[in-house]
Amino acid sequence: MEFADVVRTTGAVRRFRDEPVPDATLARVFDNARFAPSGGNRQGWHVIVLRSAEVRAKIRALSLAGYQEYAAYVAAGHVPFSPGEDGRWQQPPGDVDFTAPVARNRFVEELERAPVLAVLAVDLRQLAVTDGDLPRQSVVGGGSVYPFAQNILLSARNEGLGGVLTTFLCRREAEAKELLGLPQPYAIAAMLAIGVPDRHPRKLTRRPVEDFVTLDRFDGPAFGGPGGNG
Ligand SMILES: Cc1cc2nc3c(=O)[nH]c(=O)nc-3n(C[C@H](O)[C@H](O)[C@H](O)COP(=O)(O)O)c2cc1C
């Protein structure tokens with residue numbers, strides 16, 4: 001595929017055809033994705049492809065619990081788990097009701113229907129977290145693993161596959177780590193669901209360049225992009 005087509009059509013895919021992904025194809029996906037950058041090129045990632053029906057079912061249950069928490073925030077009109085005005089972790093706002101029933105999420109309820117489920121973990125000892133001691137939520141560490149995750153999705157797209165990165169499982173990290181035998185210094189960065197898409201996304205909704213690139217200062221003049229959304 002053309003590069004521009006790949007990056008412009010790698011949208012979230014949560015519905016898959018009932019077709020297996022051959023091991024050779026999945027291997028190629030990882031083999032291309034591994035050229036992702038990471039701080040100091042330390043490549044602290046580890047991928048666990050879930051094949052066991054029992055493990056997949058347990059991961060679905062843990063993900064669903066994470067989704068229910070997420071959806072409770074959404075139902076109350078909040079950005080789920082977002083830091084406060086000061087940029088630090090905050091307790092859930094008082095109007096978030098974690099006991100009320102939430103909107104159903106077919107994708108998570110039927111997670112095992114995804115032909116490929118892969119948990120993406122990262123060795124925290126390999127991360128140079130240059131903003132780790134700032135008085136706000138740290139973001140830099142993730143930069144050493146999420147480019148790899150996006151490379152997986154881009155490589156999957158190049159193979160005619162689709163997928164989505166999910167983080168609901170991170171809400172139940174302790175249980176998931178035990179289930180997967182992940183050693184202590186590892187964190188779960190994401191879980192990826194991949195397969196042959198029911199339908200490929202064609203037109204992604206993204207902000208145009210002039211909306212988010214400015215010159216010299218945050219409030220400087222907009223730097224116009226080559227075209228609008230599309
Ligand atoms: C860091 C990150 C976390 C995400 N977590 C989830 C998730 O837990 N569940 C989910 O269904 N999608 C998740 N997504 C997918 C986003 O919802 C999706 O990329 C975004 O809405 C754009 O969708 P589109 O490509 O269909 O336009 C996540 C994406 C990123 C980058």
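Guide: The conversation below takes up one arginine and then the surroundings of the ligand. Please keep in mind that this is a predicted model.

Visitor: Where is the place of R157?

Guide: R157 belongs to helix α5, which covers residues 146-158.

Visitor: Is R157 buried or exposed?

Guide: R157 is buried, because its relative accessible area is 6%, and the cut-off for buried is under 20%.

Visitor: And what is R157 in contact with, leaving aside its neighbours within four places in sequence?

Guide: The contacts of R157 are then M1, V6, T9, T10, H200 and R202. With H200 there is a side-chain polar contact of 3.3 Å.

Visitor: Now the ligand. Which residues are around it?

Guide: The shell consists of G11, A12, R14, F107, V164, L165, T166, T167, F168 and R206. Strand β3, residues 162-166, contributes the largest share, 3 residues. By class, 5 are nonpolar, 3 polar and 2 charged.

Visitor: What lies 2.8 Å from an oxygen atom of the ligand?

Guide: That is an N or O atom in the side chain of R14. A polar backbone atom of A12 is 2.9 Å from a ligand oxygen, and for a backbone N or O atom of F168 the distance to a ligand oxygen is 3.5 Å.

Visitor: What percentage of the ligand's area does the protein bury?

Guide: The protein buries 58% of the 630 Å² that the ligand exposes when taken alone.

Definitions and conventions:
Residues are numbered from 1 along each chain as its sequence is written. This is a predicted model: local features need pLDDT of at least 70, side-chain atom pairs count only at pLDDT 80 or more; totals for chains, interfaces and linings use all residues. Side-chain values use heavy atoms; hydrogens and water are left out. Helices (H or I, at least four residues) and strands (E, at least two) are DSSP runs, numbered from the N terminus. Buried means under 20% relative accessible area, exposed over 50%, partly exposed in between (1.4 Å probe, protein chains only). Contact means heavy atoms within 4.5 Å. A polar contact is a pair of N or O atoms within 3.5 Å; within protein, one must be able to donate a hydrogen and the other to accept it, and residues adjacent in sequence count only if both atoms are side-chain atoms. A residue is near a molecule or strand if one of its heavy atoms lies within 4 Å of it. Accessible areas come from the Shrake-Rupley method with a 1.4 Å probe; for residues, only the protein chains shown count as cover. Ala, Val, Leu, Ile, Met, Phe, Trp, Tyr, Cys and Pro count as nonpolar, Asp, Glu, Lys and Arg as charged, and the others, Gly among them, as polar.
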